[in-house]
2 protein chains.
Amino acid sequence: MEAAGRQRARATITDVAKRSGTSIKTVSRVFNDEPFVRDGTRERVLKAAAELDYHPNMAARSLVRGRSFLIGLFYENPSPNYVVDLQTGALDRLHDERFRLLLFPCESARAMSGKLLQVARTSGLEGIVLAPPLGDDPRTVAELREGRMPFTRIAPTTALDASPMVGIDDVAAAQAMTQHLLSLGHRRIAFVQGDPGHASTGQRLCGFRAALAEAGVAFEPALLEQGMYTFESGLAAGRRLFAGRMRPSAVFAANDDMAAGVCVAAKEHGLDIPGAVSVAGFDDSLISRVTWPQLTTIHQPTYDMAHAATDALIALIDGQAHERAIDLPHRLLVRGSTGLAPQG
Amino acid sequence: MEAAGRQRARATITDVAKRSGTSIKTVSRVFNDEPFVRDGTRERVLKAAAELDYHPNMAARSLVRGRSFLIGLFYENPSPNYVVDLQTGALDRLHDERFRLLLFPCESARAMSGKLLQVARTSGLEGIVLAPPLGDDPRTVAELREGRMPFTRIAPTTALDASPMVGIDDVAAAQAMTQHLLSLGHRRIAFVQGDPGHASTGQRLCGFRAALAEAGVAFEPALLEQGMYTFESGLAAGRRLFAGRMRPSAVFAANDDMAAGVCVAAKEHGLDIPGAVSVAGFDDSLISRVTWPQLTTIHQPTYDMAHAATDALIALIDGQAHERAIDLPHRLLVRGSTGLAPQG
DNA sequence: TTGTAGGCGTTATCAA
DNA sequence: TTGATAACGCCTACAA
């Protein structure tokens with residue numbers, strides 16, 4: 001294929017000034033919505049700019065203002081649905097804003113630990129949104145604080161005053177789900193934990209146990225399975241559970257992807273849902289509507305959390321007042337995958 | 001919360017020059033891996049830079065080089081799984097590259113038509129990757145060409161020589177899937193189309209019909225359903241199909257999300273899969289492994305396509321040689337959702 | 001209400 | 001092998 005034709009040089013502010021018979025300062029005023037420009041002048045400038053197809057040069061603007069207008073979204077998450085919600089929330093907040101969003105998918109919080117500030121500096125970021133579990137890495141948090149890099153966190157559970165944060169009450173949410181299962185008569189309830197690297201894993205287990213304790217139901221270690229927040233890990237956990245001697249009448253998986261895996265495992269064992277076994281998830285991601293029956297789950301406002309975290313970050317960068325901690329509501333969604341306990 | 005503490009000013013190339021007892025040009029040489037720097041000098045510069053925590057200012061660099069090192073990924077896609085594959089492919093190609101990726105999720109190709117170049121200019125993009133269906137909008141393509149904006153396209157079907165492209169043979173893939181269903185004895189096969197705004201919609205239908213014709217099976221308009229590539233639209237289409245008088249023995253949905261919807265509709269009607277009805281999808285996205293049984297589908301190398309498209313774009317920007325069209329292989333994945341036709 | 005001069009942090013030129 | 005100096009395009013003083 002032929003080499004790319006050279007683009008003709010972009011018009012600069014000087015070109016616009018010449019063509020409109022004004023000075024570059026006036027053009028600058030127009031493009032920055034400054035006052036003190038006569039309407040007629042403004043129009044002439046705009047006309048010239050349009051004719052020249054002029055667009056302000058971001059690099060020059062950044063350089064002179066000493067700002068990059070770049071913010072970074074760091075995440076380490078195996079679930080595409082979650083990730084896209086996150087991105088959309090952040091992007092929507094930026095819409096028609098002066099900031100740009102750069103994505104930083106991370107292999108693991110551990111691998112990133114101690115390097116995040118470096119990466120941010122190299123990219124010239126002005127601020128950072130940390131999605132779980134990155135917001136819980138102590139080294140990352142300390143580093144960003146010391147480096148005076150503005151950042152906000154989504155659903156952190158540690159060093160809560162280190163930065164503005166937005167989250168939901170994972171403990172209460174998991175507790176509510178467990179209460180729902182208990183209210184259906186279930187007593188033998190298995191719990192599939194998420195990735196141990198995520199703080200939500202501990203929080204949700206905590207809520208689960210709290211509800212059991214409250215109901216006077218003993219916690220059964222044999223019904224606690226380790227997952228990784230992925231569909232495959234949920235499938236594996238489900239297989240272990242249904243093959244074990246102590247078969248649960250209900251399984252609460254700490255996210256929807258794992259719950260979907262548990263559902264498949266149940267089908268493999270010929271277990272009807274919810275007739276033979278109830279399955280509950282967490283997140284209300286797309287996947288929860290795809291299984292059959294659809295999953296009873298907790299609606300987690302991922303989009304809103306990302307939106308709010310981005311909002312807080314911009315306020316932080318601008319030195320404006322903002323809330324230190326925002327708690328968003330969750331919601332129990334009862335759908336078809338949970339039902340009365342058998343012989344209950 | 002207290003206002004953000006002022007960050008101490010970033011070290012500049014001048015600071016590093018002073019501290020290392022050299023000139024800014026020498027520092028520049030070191031940071032650009034230019035030759036003709038004595039090893040000792042290089043080390044002194046690097047040491048000073050490390051002590052000062054110096055990072056080159058991207059804005060200044062961009063300004064003087066007249067380049068932004070920004071490329072944009074434009075997509076309009078309802079499926080998070082697809083989108084994340086796309087992003088990951090592009091991002092991975094950029095890894096340790098000098099380019100940055102900016103995301104542009106679009107409401108619709110139509111809404112974007114005629115504005116895309118404008119957006120690209122405003123953002124200072126050096127090049128663009130167009131994901132389907134944006135690469136098939138004639139106005140967008142014409143505009144980018146006229147504006148001499150480098151771009152590559154993923155799976156375009158029109159103006160194939162307008163830009164480098166990478167795709168799969170959608171027609172052949174759909175044909176292969178249809179042949180698979182025919183070989184199982186199915187004759188009453190329904191087809192759920194995707195969003196009419198996507199060219200793949202027509203391509204896949206074409207492959208479907210070609211296979212029918214080849215097998216001497218008449219195409220039945222009553223078994224053609226309109227979807228939108230979303231789970232919900234597949235669910236609705238499935239409901240219509242299973243409620244109609246002409247119930248299909250197999251349903252081929254043009255993507256996995258819709259196929260998953262068809263599966264749910266089948267379950268609602270008490271239809272066993274694949275005993276009573278076979279369901280096939282397209283994409284091999286995560287969702288195809290979540291349904292029960294798992295979906296027979298076409299593996300589409302979305303990640304690789306995005307990777308290759310980004311690769312070609314960079315070559316294009318750099319004025320290097322590159323392939324004009326890359327065709328990636330697809331693969332038929334037979335899983336549990338398709339089986340022998342009933343009473344076949 | 002408008003314009004002039006200076007500098008932001010780099011890289012490129014060209015001389016040393 | 002190195003370094004002084006001039007851009008790059010824009011914004012912020014400061015004048016007019």
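This is a predicted model: local features need pLDDT of at least 70, side-chain atom pairs count only at pLDDT 80 or more; totals for chains, interfaces and linings use all residues.
Residues are numbered from 1 along each chain as its sequence is written, and chains are lettered from A and ligands numbered from 1 in the order in which they are written.

Chain A is divided into domain 1 (10-29 + 38-46), domain 2 (70-168 + 302-329) and domain 3 (170-300), the bounds coming from an automatic or database domain assignment. Between domain 1 of chain A and domain 3 of chain A, the C-alpha centres are 64 Å apart.

DNA strand C has 26 residues around it, of which A:Thr26, A:Arg38, A:Thr41, B:Ile13 and B:Arg61 come nearest; a residue is taken as near a strand if one of its heavy atoms lies within 4 Å of it. Sugar or phosphate accounts for 58% of the atoms of DNA strand C within 4 Å of the protein, and bases for the rest. Polar contacts are pairs of N or O atoms within 3.5 Å; within protein, one atom must be able to donate a hydrogen and the other to accept it, and residues adjacent in sequence count only if both atoms are side-chain atoms. Phosphate oxygens of DNA strand C are approached from both chains: a polar side-chain atom of A:Thr41 lies at 2.5 Å, a polar backbone atom of A:Arg38 at 2.8 Å and a polar backbone atom of B:Asn57 at 3.0 Å. Two or more residues of this surface are given by each of α2 (24-31) and α4 (58-65) of chain A and α2 (24-31) and α4 (58-65) of chain B, where helices (H or I, at least four residues) and strands (E, at least two) are DSSP runs numbered from the N terminus. The largest share, 5 residues, comes from α4(B). By class, the surface near DNA strand C has 11 nonpolar, 9 polar and 6 charged residues; Ala, Val, Leu, Ile, Met, Phe, Trp, Tyr, Cys and Pro count as nonpolar, Asp, Glu, Lys and Arg as charged, and the others, Gly among them, as polar.

DNA strand D is surrounded by 24 residues, the closest being A:Ile13, A:Lys25, B:Thr26, B:Arg29 and B:Thr41. Of its atoms within 4 Å of the protein, 61% belong to sugar or phosphate. Elements that give two or more residues to the surface near DNA strand D are α2 and α4 of chain A together with α2 and α4 of chain B, and α2(B) gives the most, with 4 residues.

The contact between the chains, defined by heavy atoms within 4.5 Å, takes 55 residues from chain B and 55 residues from chain A. Across this interface the rule finds 4 salt bridges, each a side-chain nitrogen of Lys or Arg within 4 Å of a carboxyl oxygen of Asp or Glu. B:Asp53 forms a salt bridge with A:Arg121, with the closest N and O atoms 3.1 Å apart. On the side of chain B that touches chain A, the largest share, 6 residues, comes from α5(B).

Terms used: Side-chain values use heavy atoms; hydrogens and water are left out.
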